[in-house]
Structures are given as structure tokens and as C-alpha cells.
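Please read these notes with the sequence and the model open beside you. Each point can be checked against the picture.

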Amino acid sequence: MVLYVKPINETHVREPGLVVVDIAAADDATAFAFQQMLAGRWATATAQRTTRDPGQPGVRLRCYLDLRQEPTARS
């Protein structure tokens, strides 16, 4: 059960193709690795830190993607 999730700001999804991604992971390294994978494919506003919900396992991270741009080729 999630106790608190920040509301999604209308600015972040004002146009088709803009996406808010909430990541839940066991640890910081996993959350940042997933964010980096997304950033390697799409224009991404990345987060610099994770958050923890008191009394809940794991970490959370929110980032913002722009899917309107062509994905980059996977290397």
C-alpha cells in the first residue's frame, strides 16, 4: 500500500506524448539504473535522488519522459 504519492502536475502531461514515470525499486542503484535505461532511449528529465515511504520497503523515484521525440538506437 502506498501511503503518499505526489500528485501529477498538469504541466507534466499537458500534451500527448508526455509521460510521468513513478519507479518503485528495492534500492537506489536499481531505481537509478532503470531511470538511466529510460534516459538512454527518450528525452528524460531525471531525478537526482530517491525517496522512501516511512515503514515501507524500497525506494521511489519519479522522472518525466517526452515520447514525442524519436527513440535513440540501442547500443
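The points below go from the overall layout to single residues.

1. Basis. The model is predicted: local features need pLDDT of at least 70, side-chain atom pairs count only at pLDDT 80 or more, and totals for chains, interfaces and linings use all residues. Residues are numbered from 1 along each chain as its sequence is written, and side-chain values use heavy atoms, with hydrogens and water left out.

2. Layout. The protein chain has 1 helix and 3 strands, in the sequence order β-α-β-β. Helices (H or I, at least four residues) and strands (E, at least two) are DSSP runs, numbered from the N terminus. Of the 75 residues in the chain, 24% are buried; buried means under 20% relative accessible area, exposed over 50%, and partly exposed in between (1.4 Å probe, protein chains only).

3. Contacts along the chain. Contact means heavy atoms within 4.5 Å. Among contacts between residues at least 6 apart in sequence, 59% join residues at least 24 apart.

4. Helix α1. The helix covers residues 28–39, which is 12 residues, and spans 16 Å from its first C-alpha to its last, close to the 16 Å expected at 1.5 Å a residue. The expected span is 1.5 Å times one less than the number of residues.

5. Which residues of α1 are buried? They are Ala31, Gln35 and Leu38. Seen down the axis of α1, these buried residues fall within an arc of 55 degrees, so they line one face of the helix; the arc is that of the directions from the helix axis to the C-beta atoms. They pack against β1, β2 and β3. The face turned away from the buried side carries the exposed residues Ala29 and Gln36.

6. Valine 21. This residue lies in strand β1 (residues 18–25) and counts as buried because its relative accessibility is 17%. Leaving out residues up to four places away in sequence, valine 21 touches Leu38, Leu61, Arg62, Cys63 and Leu65. Valine 21 and cysteine 63 are 42 residues apart along the chain, yet their C-alpha atoms are separated by 5.4 Å.

7. Arginine 62. Strand β3 holds arginine 62, which is buried because its relative accessibility is 14%. Its side chain makes a polar contact of 2.6 Å with that of aspartate 22. A polar contact is a pair of N or O atoms within 3.5 Å; within protein, one must be able to donate a hydrogen and the other to accept it, and residues adjacent in sequence count only if both atoms are side-chain atoms.

8. Two aspartates. Is aspartate 53 buried or exposed? Aspartate 53 is buried, at 12% relative accessible area, and sits in the loop between β2 (43–45) and β3 (59–66). Its side chain makes a polar contact with the side chain of arginine 60 (3.0 Å). Aspartate 66, in strand β3, is buried at 13%, and a polar contact of 2.8 Å joins its side chain to that of arginine 68. Beyond its neighbours within four places in sequence, aspartate 66 is in contact with Gly17, Leu18, Trp42 and Ala43.

9. A charge over a ring. The charged end of arginine 41 sits over the ring of tryptophan 42, 5.7 Å from its centre. A charge sits over a ring if NZ of Lys or CZ of Arg is within 6 Å of the ring centre and within 35 degrees of the ring normal.
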